[in-house]
Amino acid sequence: MSVVLEVSGLSKSFGGVQAVDGVSFAVSAGELLALIGPNGAGKTTCFNMLNGQLKPDSGEVALAGRRITGLPPRVVARSGVGRTFQITATYGSMSVRENVQTALIAGHHGEWSLMGKATDKHQAEADALLDLVGMRDQAARACGVLAYGDLKRVELAVALANEPRLLLMDEPTAGMAPNERIALMDLAAEIAKSRSIAVLFTEHDMDVVFQHADRVIVLDRGKLIAEGTAPEVRANPQVQAVYLGTGTTYGAAG
């Protein structure tokens with residue numbers, strides 16, 4: 001498998017706190033890599049550096065061999081990085097289809113400035129993406145009235161609108177019922193493998209992680225302390241001590 005994302009020596013501090021400390025890893029096309037760790041481990045900071053929301057103090061981020069370190073989020077997105085968030089980011093007053101159309105228009109460099117209504121643009125593409133995530137039959141409904149699990153599927157369609165090489169999924173199953181969690185990650189895995197998309201996701205539900213991740217990396221206090229297959233990471237004594245077992249719980253988000 002070809003490497004899509006390569007992270008080398010990534011570091012970020014806030015004042016005297018080293019949030020991410022020399023982290024290196026790679027994700028290949030079609031692979032699901034889980035990034036786990038206790039609260040305050042640096043997961044969110046790492047994500048925010050990968051998609052351009054934060055500039056690293058040092059280190060490199062490369063997407064398909066191209067350096068994207070420190071580029072603005074809009075440039076990173078157009079380079080082929082999609083993202084879903086812990087709290088769904090959809091427009092509640094707009095229809096399911098319109099949310100996806102908006103993402104498609106943005107991916108075509110803001111062509112809403114041209115003649116014609118935005119709702120007339122990319123309808124077939126939007127419907128194809130909604131088919132892919134199982135939401136075509138709800139295309140005309142407002143996002144504001146959808147069940148939470150359905151919103152997550154819409155958000156996935158939005159993230160796929162720019163045909164990403166890399167998909168960042170931040171707590172994708174947060175707030176979902178157990179059966180919905182498995183279904184969403186089954187769908188994400190199927191799409192990733194069929195479209196050769198590299199997926200990096202954070203997740204607190206270890207059942208989801210160990211069932212769906214091809215590999216797992218573990219952060220603790222900003223440092224990478226373990227990586228490997230799910231069974232290897234689950235059996236790692238250091239991981240058990242700081243995260244899976246009865247080790248220290250950290251109060252800060254991250």
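**Burial, packing and rings**

Guide: Buried residues account for 51% of the protein's 254 residues; buried means under 20% relative accessible area, exposed over 50%, partly exposed in between, with a 1.4 Å probe and protein chains only. This is a predicted model, where local features need pLDDT of at least 70, side-chain atom pairs count only at pLDDT 80 or more, and totals for chains, interfaces and linings use all residues. Residues are numbered from 1 along each chain as its sequence is written, and side-chain values use heavy atoms, with hydrogens and water left out.

Visitor: How many helices and strands does the protein have?
Guide: Nine helices and ten strands. These are DSSP runs numbered from the N terminus: helices are H or I with at least four residues, strands E with at least two.

Visitor: Which residues of α1 are buried?
Guide: Lys43, Thr45, Cys46, Phe47, Asn48, Met49 and Leu50. That is seven of the eight residues in helix α1 (residues 43–50), so the helix is largely enclosed by the rest of the structure. Just after α1, Gly52 has a positive phi of about 90 degrees.

Visitor: New topic. At what angle do α4 and α6 pack?
Guide: Helix α4 (residues 123–133) and helix α6 (residues 178–195) pack at about 125 degrees, with axes 10 Å apart. That makes α4 oblique to α6. Angles under 35 degrees count as roughly parallel, over 145 as roughly antiparallel, 65 to 115 as roughly perpendicular and the rest as oblique. Axes are lines fitted to C-alpha atoms, for helices over the stretch in contact, and angles run from 0 to 180 degrees between N-to-C directions.

Visitor: Which residues meet there?
Guide: From α4, Leu129, Leu132 and Val133; from α6, Leu187, Ile191 and Arg195. Contact means heavy atoms within 4.5 Å. The α4–α6 contact has five nonpolar residues, no polar and one charged. Here Ala, Val, Leu, Ile, Met, Phe, Trp, Tyr, Cys and Pro count as nonpolar, Asp, Glu, Lys and Arg as charged, and the others, Gly among them, as polar.

Visitor: Is Ile191 buried or exposed?
Guide: Buried, at 4% relative accessibility. Leaving aside neighbours within four places in sequence, Ile191 contacts Leu132, Val133, Leu156, Leu160, Ser196 and Ile197. Ile191 and Val133 are 58 residues apart in sequence and 8.9 Å apart, C-alpha to C-alpha.

Visitor: What sits over the ring of Phe210?
Guide: The charged end of Arg234, 4.5 Å from the ring centre. The rule wants NZ of Lys or CZ of Arg within 6 Å of the ring centre and within 35 degrees of the ring normal.
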